[in-house]
Amino acid sequence: FSISTYNKVWTDAQKDLDIQLRREREEFLQPEKDRVKVFKMLVTSYIKYMQIFRNLEMAYDQLIHRQKRTVIRQVLDGVMGRILEVKKEMVGLDNSEFHYIDNILEDLKLLPEDIEVPIPRYFIKEKLEVLQQREKILDQILLDAGLQTQKPLKAMTFEEAIKVIQVAERARQGRCRAAFMKQIYLEERKDRQTKLQVQMGPGPDDAATCIQKVWRGYIQRKKTEKMREEEMIFLGMSLPPHLMATSILQMHAEQVNTLQGEVQERQEEVFIKDKLREMEGLNIKETLQDQIGQCFIECRHIIGKFPDYPTEEAGGSMAMLSQKTPEQVALELAAKKEMASQKKAQKGKKEKEEKEKNKGKTPQKSGTKEEEEGWKMAPSNFLSIMEEGNSQYKAIWQNRDEGWDFLQDHDPELIKEEKREEVEEEIRVQVDELMQEKLENLKLAVDGEKSDKQKKGRKVEKKKQKEGTWEPELMSLVRRTIDSLYRELAEEGLLIKAKTVNLSDYVGEYSYLGTTLRQADTEPMPSLADVRQLIALYGILPLGSQTVHEKAPLVKALLLAGPAGVGKKMLVHAICTETGANLFNLSASNIAGKYPGKNGVQIMLHMVLKVAKQLQPSVVWIGDTEKIFSKAVPKAEEEMNLKQLEKILPKFLKALKAQDRVLLVGTTNRPFDANLKPFCKVYQKIILIPRPDYASRFGKYFMLWKHIILQNGGAITNLLNISCLAKVSDGFTQGHIVQAVQAVLSKLRLLQMTRKPLKTAEFMTSLARQDPVYKEEEETFK
C-alpha cells in the first residue's frame with residue numbers, strides 16, 4: 001500500500017513539474033514591463049515549485065527502488081536550485097529579502113505551511129555512518145583535552161555488576177516485605193475500627209448522607225470539566241483528544257521508516273558493473289583500438305602526417321572518434337585560430353574608439369535598455385536538469401507496469417545501460433595511454449619525429465619553483481595531514497560540537513497582515529516564519545546538496561542581526577544539525593590570544609579553510625562579528641588580531657569556490673557599531689531577526705509559551721492562561737521567555753506538578769525581572 005501511495009505522489013509531482021516547465025517556456029521567455037505582474041508570476045512559480053519539492057522529497061525518502069530514487073534525486077536537486085533562482089529574481093524585483101504574499105496565498109486557497117521549506121532527509125540519512133564516526137572522534141579528542149563536560153559511561157567489571165544486581169535484588173525484597181507488613185497493619189487497624197463503630201458508631205442515615213455529599217460533588221466537578229473541554233473544542237481553542245494523543249498507527253509508521261532505510265541501503269549494493277567489465281571489457285578495448293588505429297591511417301593518408309593525440313581536457317580519443325572527417329577537424333581548428341586573432345584586434349579597436357568618444361562626455365545611466373525592453377528571466381542552470389529528469393520519467397517510468405515487482409528490486413537491464421558508459425569511459429582512458437605510445441612510436445619510425453615531453457616537464461618544474469615561494473610556516477601547514485589539523489582545531493576550541501537543534505524547533509507564526517500593512521504605506525517587520533525560510537534557502541539547501549551549491553546563486557556569507565535572545569546562535573546550530581556540517585567558532589572571545597604573532601590569524605584561517613573544505617559541509621561562525629569591524633579599535637594586541645581578521649576575511653571568502661560547501665555565518669546584536677563599508681563587503685546576505693510586530697506577536701508568543709513549557713517538562717492546564725502570557729510578552733524575546741520558564745520549572749516544582757498545577761502568576765513574576773527590547777533599539781535596527 002505504501003509503495004503505491006508514494007508512487008502516486010511521485011506521479012503527481014512529475015505532472016505538476018511538466019505543467020510548470022511548459023509555463024517556464026511560454027511566460028518567462030517574453031519580456032514584461034509591468035513589475036507587479038512579473039512579481040505575481042514569480043511568486044506563483046515559487047509556490048508551485050515548493051509544492052513539487054515537498055512531494056518529490058517525500059517520494060525520494062519513502063521509495064525503495066534504487067533506479068527510481070536516482071531519477072527523483074536528479075529532479076529534486078533541479079527543483080531546489082530553481083527555487084533559489086526564482087528567489088533571487090524576487091529579491092531583485094522587490095529590493096527586499098522578505099516578501100509578503102498572503103494575498104496570493106489567499107487567491108490560491110493555500111496555507112502558510114504550504115510554502116514552508118522542507119528539509120530533505122537524505123542530507124543526514126545518506127551519510128549517517130560518517131557523521132556518527134566523526135562525532136565519536138570529536139568526543140574522544142575533547143575528552144582527552146579535558147574540554148568534554150559530559151564524560152562517557154565507563155564499562156563495569158564483573159564484580160561491580162554482581163554488586164549492583166545484589167543491591168537491586170535486596171532493595172526489591174525489602175520493598176516487598178514492607179508492603180506485606182503494611183497490608184497486615186492496615187487489616188489490623190480496620191478490625192479495630194469496626195469494633196469501635198459497632199460499639200458507638202453513627203447511624204446508617206448519617207453514613208449515607210456523607211457518602212452522597214462526596215459523590216455528588218465529585219460527579220458535578222467531572223461534568224463541569226467535561227463541559228468546559230467540549231466548549232473549548234467547539235470554539236477551536238483546543239484540539240480533540242484523538243488528535244492530541246500519538247496513535248498506534250503513527251508509531252508503526254516510524255518503525256516502517258527505519259526498516260525502509262535499511263532496505264534502501266541494501267539496494268545500493270549492486271555489482272553489475274564488475275560483471276560488465278568482465279563480460280564486455282575485452283570487446284570494448286579491441287574495438288576502440290581498431291577505431292583509433294584506423295583514424296591514424298586515414299589522417300596519414302589525407303593530411304600526409306600523423307595527427308597529434310588529443311589531450312584529456314579535449315576529450316582524448318573521443319575527439320578523434322567523432323563523426324567529422326580529419327579534413328573538417330583541421331579546417332575547424334584553423335578557423336578557430338583566425339576567429340581568436342580577429343576578436344583580439346576588434347577589442348583593441350573598440351577600446352580606442354570608446355576612449356576617444358567618452359572624452360568630455362558624462363556617462364549614461366545604466367538600466368535604460370532594460371526599462372525599455374522590460375523584465376526578462378535570467379538564464380537558468382537547472383531547467384536542463386529538470387527537463388532531462390522529466391524526459392527520463394516519461395520514457396521509462398510513466399507507463400511502466402509494476403504489478404509484478406512486489407519486492408521493488410532493481411532492474412538489471414537499466415543498470416547495464418547506465419554502467420556500460422562508465423565501463424567504456426574507464427577502458428577508454430587505458431586505451432588512450434596505450435595508443436598515445438603507439439602513435440609516438442609510429443611518428444618516430446615513419447616520420448622521424450620526437451616527442452616534446454622532456455621540454456614540457458622542464459617548464460612545469462620551473463613553474464613549480466616560481467609558485468613555491470611561500471613562507472615556511474604556511475609550507476609546514478601544507479605538509480600536515482587533515483587529521484592532525486582537525487585535532488589541533490578541536491583542542492584549541494575552534495572546532496566545536498554543534499547542539500542538536502532542528503529548524504522546526506525555531507517556533508514562530510507567519511505574518512498574515514503583511515500585504516495590508518504595505519498597502520497602508522507601512523513596512524511590516526519580518527516574522528519568524530520568514531526568517532526560518534531564509535535560513536533554509538540560503539544556509540541549509542546549498543550546504544546539503546553539492547549540485548545546488550555548485551549551480552545555484554552562490555551565497556558565501558550570511559549575517560544574522562537582531563537583539564539578544566532572538567535565537568541567532570540557535571539558528572547557527574540548526575544549520576549544522578540539518579546538514580551534518582562541522583562548526584568552527586571564530587568569535588572574538590574564542591580566538592583571542594590563541595594564535596599570536598604577525599601571521600597568527602592567517603595561519604589559523606588557513607587551517608580552518610583546509611579542514612572545512614576537506615570535511616565539507618562546514619559552517620564558520622563568527623559571534624559578535626561587529627567587534628572585528630568596529631570603528632574605534634583599541635590598542636591591545638588581542639584587538640589587533642581582530643583587525644587582521646577584518647583584512648583577511650575577504651581573501652578567505654575569495655578562496656571559497658562553487659564546489660566548496662563552506663558557509664560563513666556572522667551573528668551580532670549591535671551591527672550599527674561596525675564600519676559599514678567593509679562589513680557589508682564581507683556579508684553578502686543580511687537577515688534581520690527582530691522582536692515580532694503587533695501583527696504576528698500574539699500567535700507567535702502563544703505557540704512559543706506552549707512549546708517551551710512542554711519542552712521543559714511542564715503541563716498545561718486550565719489554570720494556566722497562555723493567552724494572558726502572550727499579551728504580557730510584548731517586547732520580550734524568545735531568550736527572555738526561555739529564561740523565565742526555566743527559572744519557574746525547577747526540579748522541585750516539577751515534582752509538585754501533580755498536586756499543584758502551574759499558574760499564570762508564576763511566569764509573569766519571573767518575566768518581570770528581565771528587561772525587554774525597547775522601541776529605540778528596534779528603530780536603530782530598522
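Is Asp77 buried or exposed? In this predicted model, Asp77 counts as buried, because its relative accessibility is 6%, below the 20% limit that the word "buried" requires. Asp77 is found in helix H3, which covers residues 66–94. Leaving aside neighbours within four places in sequence, the residues in contact with Asp77 are Tyr122, Phe382, Ser545, Thr547 and Val548.

One of these contacts, Tyr122, leads on to the aromatic rings. A pair of aromatic rings is described by the distance of the centres and the angle of the planes. The count comes to 6 aromatic pairs. In one of them, the ring centres of Tyr60 and Tyr122 are 5.4 Å apart and the planes meet at 75 degrees, so this pair is edge-to-face. The pair links distant parts of the chain, with Tyr60 in helix H2 (residues 35–62) and Tyr122 in helix H5 (residues 122–125), 62 residues apart. Tyr60 counts as buried because its relative accessibility is 5%, and Tyr122 is buried too, with a relative accessible area of 6%. Another edge-to-face pair is formed by Phe679 and Tyr683, at 5.5 Å centre to centre and with 70 degrees between the planes. Phe679 is buried, with a relative accessible area of 2%, and the value for Tyr683, also buried, is 2%.

Ring pairs link Tyr60, Tyr122 and Phe123 into a cluster.

How many salt bridges does the count come to? The count comes to 20 salt bridges. In one of them, the side chains of Arg25 and Glu387 meet at 3.2 Å, N to O. Arg25 lies in helix H1 (residues 2–27) and Glu387 in helix H15 (residues 383–397), so the pair ties together parts that are 362 residues apart in sequence. Arg25 counts as partly exposed, at 42% relative accessibility, and Glu387 is partly exposed as well, with a relative accessible area of 32%.

Arg121 forms a salt bridge with Asp61, and the closest N and O atoms are 3.4 Å apart. This pair links distant parts of the chain: Arg121 is in the loop between helix H4 (102–107) and H5, while Asp61 is in helix H2, 60 residues apart. Arg121 is partly exposed, with a relative accessible area of 37%, whereas Asp61 counts as buried at 6% relative accessibility. A further salt bridge joins the side chains of Arg749 and Glu762 (2.9 Å, N to O). Here Arg749 is in helix H31 (residues 747–751) and Glu762 in helix H32 (residues 760–768), 13 residues apart. Arg749 is buried, with a relative accessible area of 6%, whereas Glu762 counts as partly exposed at 24% relative accessibility. Some salt bridges share partners, and these join Glu57, Asp61, Arg121 and Lys125 into one network.

Which residues make a nonpolar surface patch of about 470 Å²? The patch is made by Met232, Phe234, Leu235 and Met237. Among them, Met232 has its place in helix H8 (residues 204–235). Met232 counts as partly exposed because its relative accessibility is 34%, which is over the 30% that a patch residue needs.

How values were computed:
Residues are numbered from 1 along each chain as its sequence is written. This is a predicted model: local features need pLDDT of at least 70, side-chain atom pairs count only at pLDDT 80 or more; totals for chains, interfaces and linings use all residues. Side-chain values use heavy atoms; hydrogens and water are left out. Patches are made of residues with over 30% relative accessible area and no salt bridge: like charges are joined within 9 Å, nonpolar side chains (Val, Leu, Ile, Met, Phe, Trp, Tyr) within 5 Å. Accessible areas come from the Shrake-Rupley method with a 1.4 Å probe; for residues, only the protein chains shown count as cover. A salt bridge is a side-chain nitrogen of Lys or Arg within 4 Å of a carboxyl oxygen of Asp or Glu. Helices (H or I, at least four residues) and strands (E, at least two) are DSSP runs, numbered from the N terminus. Buried means under 20% relative accessible area, exposed over 50%, partly exposed in between (1.4 Å probe, protein chains only). Rings of Phe, Tyr and Trp (its six-membered ring) pair if their centres lie within 6.5 Å; planes under 30 degrees apart count as stacked, over 60 as edge-to-face and the rest as tilted. Contact means heavy atoms within 4.5 Å.
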